[in-house]
Amino acid sequence: MLFDLPEPAILYEALLKRDPDYDGRAYVGVSSTGIFCRLTCPARKPRPENCSFYASVGDCIQAGFRACKRCHPIAPAAEADPAVKALLAALADRKGHRWREPDIIRLGFDPSTVRRSFNRHFGMTFLEMARLERLRHAHLALAGGSKVIEAQLDAGFESAGAFRAAFARLMGTPPGSFTADAMIRADYIDTPLGPMIALCDRTHLHLLEFADRKALPAELRRMHQAFKGRIGFGRHAPLDHLETQLDAYFSGRNPRFSVPLAFHGSEFTKTVWHALVEIPAGETRSYSQIAGTIGRPSAVRAVARANGANQIALLVPCHRVVGADGSLTGYGGGLWRKQKLIEIERQYA
């Protein structure tokens with residue numbers, strides 16, 4: 001995770017100098033190319049705003065980056081383990097193949113041993129890595145204007161139903177419901193706490209959630225209904241600004257966000273969200289304090305429901321709301337993330 005590494009400015013300087021001290025300890029994902037590299041990579045150096053830094057190869061893959069063919073960041077793990085080396089080579093050779101355990105057995109490897117090896121080196125199994133690679137190809141194809149059937153075949157899904165189901169699990173709605181040249185666009189934003197999915201129009205951010213949040217598919221379906229299906233892939237200018245501001249937030253430079261927000265909820269819910277935005281970074285509030293702030297001291301439970309219904313994580317800081325005794329309470333992105341966000345924000349107190 002990024003907060004366990006030096007700040008991005010130090011890592012970017014190490015990238016420019018090709019500092020060998022960080023080899024194997026830090027990796028850079030380049031948003032303009034979709035590639036991740038060692039910091040010692042001899043390739044032309046990217047601009048700092050296009051760089052995200054990660055502590056492991058698995059984090060890079062999980063964020064959607066593919067390995068550089070010049071510096072081979074996966075090579076150390078692969079060279080140390082014959083099974084990993086052989087399967088990575090097979091994955092590169094058989095693009096779009098739907099890998100299963102029998103394929104691993106046919107190559108002469110034990111699936112349970114392979115599972116442990118990949119988890120140890122990359123934080124995910126080989127089959128998970130292969131699935132992410134296929135869906136990444138599908139997302140890129142659709143974002144590039146390909147038809148659904150073309151993206152399906154390019155990703156190696158023989159069944160249209162299976163492709164739609166896998167895509168829907170990830171995005172909350174089938175691929176055909178995303179339209180070209182839509183006013184509302186969906187895209188990924190990588191963060192040190194995991195990838196997030198954002199929806200925005202030309203001026204406002206409508207949704208920002210961690211991609212693994214269980215409620216995300218339902219939230220995206222509601223967005224599709226609200227916008228009558230007029231949602232497409234890609235991004236508008238607010239997402240570029242948001243990405244820059246998130247980088248500043250996580251790296252300890254600035255906790256403030258200026259991206260305009262569009263709220264979708266009842267008037268009471270919107271009132272609660274506006275109150276959340278007013279909580280300074282480095283401070284927390286209880287549900288009863290929020291209820292008092294909005295002039296509804298008896299509406300503590302309703303405040304808690306509105307807090308849980310927040311669809312714009314971090315910028316509407318529901319993670320800053322804790323129990324009356326100061327204990328951590330539920331958080332859609334996971335209590336571990338809530339704890340990390342509070343730790344990160346202590347520097348802003």
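What is the order of the strands in the open sheet of 4 strands? The order is S7-S6-S5-S8, and the pairing is mixed. Strands pair if DSSP finds at least two bridges between them.

This is a predicted model: local features need pLDDT of at least 70, side-chain atom pairs count only at pLDDT 80 or more, and totals for chains, interfaces and linings use all residues. Residues are numbered from 1 along each chain as its sequence is written, and side-chain values use heavy atoms, without hydrogens and water.

Strands S7 and S8 stand at the edges. Each has a single partner strand, so one side of each is left without a neighbour in the sheet. Neighbouring strands are turned by 25° against each other on average, direction ignored. S5 and S6 pair in the antiparallel sense over 5 bridges. In one of these pairings, Asp 187 has Ala 198 in S6 as its bridge partner.

| Element | Residues |
|---|---|
| Strand S5 | 184–189 |
| Strand S6 | 196–200 |
| Strand S7 | 205–210 |
| Strand S8 | 231–233 |

Helix H11 (residues 237–250) packs on the sheet and touches S5, S6 and S7. Its direction makes about 25° with that of S5. Axes are lines fitted to C-alpha atoms, for helices over the stretch in contact; angles run from 0 to 180 degrees between N-to-C directions.

**The whole chain**

The protein chain has 15 helices and 10 strands. These are DSSP runs numbered from the N terminus: helices are H or I with at least four residues, strands E with at least two. Of contacts (heavy atoms within 4.5 Å) between residues at least 6 apart in sequence, 58% join residues at least 24 apart.
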